[in-house]
Amino acid sequence: MSARGKNMRAEEYGKMGEESRMDTVYDPRRTESKWYRFWEESGCFRPADDGGGNFSLVMPPPNVTGVLHLGHAMDIALQDILTRYHRMRGLRALWVPGTDHAGIATQAKVEEHLRGEGLSKDDLGREAFLSRVWDWKEEHGGAITAQIRRLGASCDWDAERFTLDEGCSRAVREVFVRLYEKDLIYRGNYIVNWCPVCRTAISDIEVEHEEQEGHLWHIRYPGADGGDGITVATTRPETMLGDTAVAVHPEDERYRHLIGKYVILPLTDKKIPVIADEYVERDFGAGAVKITPAHDPNDFEVGRRHNLESVNILNEDATLNENGLAYQGLDRYEARRRVVADLETAGLLVRTETINHSVGTCYRCGTPVEPRVSRQWFVRMNTLAEPALQAVRSGRLEFVPERFSKIYISWMENIRDWCISRQLWWGHRIPVWYCADCGAETCAGEEPPACTSCGGTRLTQDPDVLDTWFSSALWPFSTLGWPEETRRLKEFYPTTVLVTGRDIIFFWVARMIFMGLEFMGDVPFRRVMIHGLILDAQGRKMSKSLGNGVDPLELIEHYGADTLRFTLVTGNTPGNDLRFHPERLDASRNFLNKIWNAARFVLMNTADAVPGETDGPLALAERWILSRYEDAARRVTGAFQAFDLGEACRLLYEFIWNEFCDWYIELAKNPLYDREQPQARLAAQRVLLLVLEGSLRLLHPFVPFITEEIWQNLAKSGGTLMAQSWPAPDGYRDEEAEWQMSLIIEVIRAVRNIRADMNVAPGRKADIRLVVAGPEEHAALEAGRGYIKQLAGGEQVTLLTAPAAQPPQSASAVLTGVTVYVPLKGLLDLDKEVARTRREISAALETEARLEKKLQNAGFIAQAPEAVIAGEREKLEKNKIRLKELRLRLAELQ
């Protein structure tokens, strides 16, 4: 260890404690709003003008009219922790906040509000409706950002963006036009996922699949030549009205004679062909499938290969249209019921099976979606996907944890063209105009004055808007000023890291990657830190239907933001879901109270500390805690570099609670209270201040409010803690001191355990005898003799060299390198303790007999639940351990 570590100078901790102004109890409600206002008004969240490099990230934009949930809270906490950490490391830190216009969700909210007034969007018209949505956004849009502030988010609010603001809108139009001109955006009839409630197409990844009970109906299609025909099975018999073929495998001997012939579409007089296609699995079911090109994505592809007609039978609201024949106007489920009944009447329903199958539902409203052919806008993905795949394969962009890169690659390798048009009014309107004179279409960033083909002025803009994720895909560069070459874009793109949930890797992350590569020529971020979902204590997803949701704002009101932040990060490992146990909030609050009380103790006992050099080397306890502090700082920094913030929390908890508070503060009390040893007292004061100050720096990214409050009480010079530097190695590591102190702590614990087991009164001082194995142990325990007397209740501590006989009537503990003996004579009434221990042994024997009899009872074993039997066996095992301990104690007493 360096001389610097053994002889610490006062200027190394910088500030001395003043007379404590800290309240007896920490009140987050008074503290948190005060410090957040100070930070924001002082410009602390803006990047510094200069620094040792740049750090940047963009906030996944929450819905502008949304409210904070626990998932948001965890996401914001993780981002803020990383931002504060890098800011303290001396980097110019930029965290860009913002909100998403959330097309479907926001429009649905406003439409619901209009229904309460007896109106619909069509009653108002497009422009008036959009005006109402903007009013709604202005009225409710600030709620989510106010809630984010409550969490302590240190993002640059001067840089706040909205996906429909002027700059983002310009970026969206520019991207659309460029992709259109490269033929990477096209319009065509294609099978899409249609939500009949939201009345819009949604992309594949916006469809959530859930297992539901349903039926599989086996229907006979009679042969057009009067033969038996063929039997097919379907879960959606009403779509049979849109069938244009029945397909079989070309090598299936059962149906080879039917290929090229016709069957009659049931309940109609329409003839449809039997075709051969390798898409059919001949070993699955009957080996024949109905082909409905307008209402099944696989059938759509079969139809394109065989030039089949595509017959749409559904209206936008999922009622049947004119192609539904006698069922026109019926809801799809009522039409299904009647079709099944009519098939049974006609003798064409062969059988019905009850099955469980996967049903696709709209991720917004939960309604089962309908595959439906519709004219939509698409992005061609093959060209864009390849560079995005290569970026991850080459390591240019990394996922944390790495396993998510495999998931990303698998999805990108099988990606389909992206349907980007939505049948909504709220959103980025597609920048394409149609000419009423010549039918040409014009794509432009601004409204064209005339048709580019014929010069006509009768132009109509496409009524659809873009998928919300289209504008979100540009977020890392549109928020920094693109398409302008702004200073911030040059300095902070690519961003350093993206923090996001595993549930939106495909919705958002993949799209940002290929858009960034296409328009910026580089990945949008170097790393993607993936976190899991927050589940309830039983491992279930939180939802309104289960009633297990938790309001983070209520938790902040009751516990404070720091407690919630620490709870959400502790135990959090990258990529894994986190079970939320409410009782862990109390544990986190207890930890913060521990820090608060430790700080009060330090301030109360260092008010008279005088700056200057200490004379001579530091005592063992001071050397030990400085070494442990530096090791904790090193390991916490390593956890940050690995993005393992949950591990960083655990390390800080262990160091501050166990080593600093439970051990060093107790060890420091003797020199602090001994006015006759001023140099030892001053050294303890200075070490307490240094370790407290350093611990506050390490803790600040996780719990910024309480650490700032303590810092302001600690510091004379003012200034905010968030602008202080991150602890760096300072030469305090001392492995010898750590080994010696660990042995001393083991001895103290052993003596405490003996005193507890033997029911020795706390006030009685013990004669402690230590038999050591060698000179190293002897030197360590000699140095710690005073600590052992102080913390183990020792009258005297005697060191003996092995071998040495056990003193009569003594309790013992065998440790590595030392055996501990505590003579019991004079500490307790031996006869009384012997009698009490014998009674406890008798009770334990009775319990053992009772449990063994119960577990040997065949009736109990046959009828009791397995968990109950396991519980009884566990009780028996614990009782046996207890009995062994009691017998050992009796032997020592005798």
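Me: Before we look at this predicted model, what does "partly exposed" mean here?
Reply: Happy to start there! A residue counts as buried under 20% relative accessible area and as exposed over 50%. What lies in between is called partly exposed.

Me: Is Q809 buried, exposed or partly exposed?
Reply: Look for Q809 in the loop between β27 (794-801) and β28 (810-815). Its phi is near 50 degrees, a positive value in a residue other than glycine. The relative accessible area of Q809 is 33%, so this residue is partly exposed.

Me: And A102, is that residue buried or exposed?
Reply: A102 sits in the loop between β3 (98-99) and α4 (103-116). Phi of A102 is near 50 degrees, which is positive although the residue is not glycine. Its relative accessibility is 1%, and buried means under 20%. A102 therefore counts as buried.

Me: How are α11 and α16 oriented to each other?
Reply: Two packed helices are described by the angle between their axes and the distance between the axes. For helix α11 (residues 382-393) and helix α16 (residues 505-520), the axes come within 9 Å and cross at roughly 105 degrees. Angles of 65 to 115 degrees count as roughly perpendicular. So α11 and α16 are roughly perpendicular to each other.

Me: How many residues in the contact of α11 with α16 are charged?
Reply: On the α11 side you can find L384, P387, A388 and A391, which meet I513, F514, L517 and E518 in α16. By class, these residues divide into seven nonpolar, no polar and one charged. The charged count is one.

Me: What about α17 and α18: which word describes their orientation?
Reply: The axes of helix α17 (residues 552-559) and helix α18 (residues 561-569) come within 7 Å and cross at roughly 120 degrees. Roughly perpendicular ends at 115 degrees, and roughly antiparallel needs over 145. Therefore α17 and α18 are oblique to each other.

Me: How far apart in sequence are the parts tied together by Y180 and W377?
Reply: The two rings form a tilted aromatic pair, 6.3 Å centre to centre with 50 degrees between the planes. Y180 is partly exposed at 22% relative accessibility, whereas W377 is buried at 1%. Y180 belongs to helix α8 (residues 166-181) and W377 to strand β14 (residues 370-379), so the parts tied together are 197 residues apart.

Me: Last one! Is the pair of F591 and Y653 stacked, edge-to-face or tilted?
Reply: F591 is in helix α19 (residues 583-604) and Y653 in helix α21, 62 residues apart. The ring centres lie 4.8 Å from each other, and the planes are 35 degrees apart. Stacked needs under 30 degrees and edge-to-face over 60. That makes the pair of F591 and Y653 tilted.

Notes
Residues numbered from 1 in each chain as written. Predicted model: local features only at pLDDT ≥ 70, side-chain atom pairs only at ≥ 80, totals over all residues. Heavy atoms only, no water. Axes fitted to C-alpha atoms, helices over the stretch in contact; angles between N-to-C directions. Helix = DSSP H or I, 4+ residues; strand = E, 2+ residues; numbered from the N terminus. Parallel < 35°, antiparallel > 145°, perpendicular 65-115°, else oblique. Contact = heavy atoms within 4.5 Å. Nonpolar A, V, L, I, M, F, W, Y, C, P; charged D, E, K, R; others polar. Buried < 20%, exposed > 50% of the residue type's maximum accessible area, 1.4 Å probe, protein only. Phe/Tyr/Trp six-rings, centres within 6.5 Å; stacked < 30°, edge-to-face > 60°.
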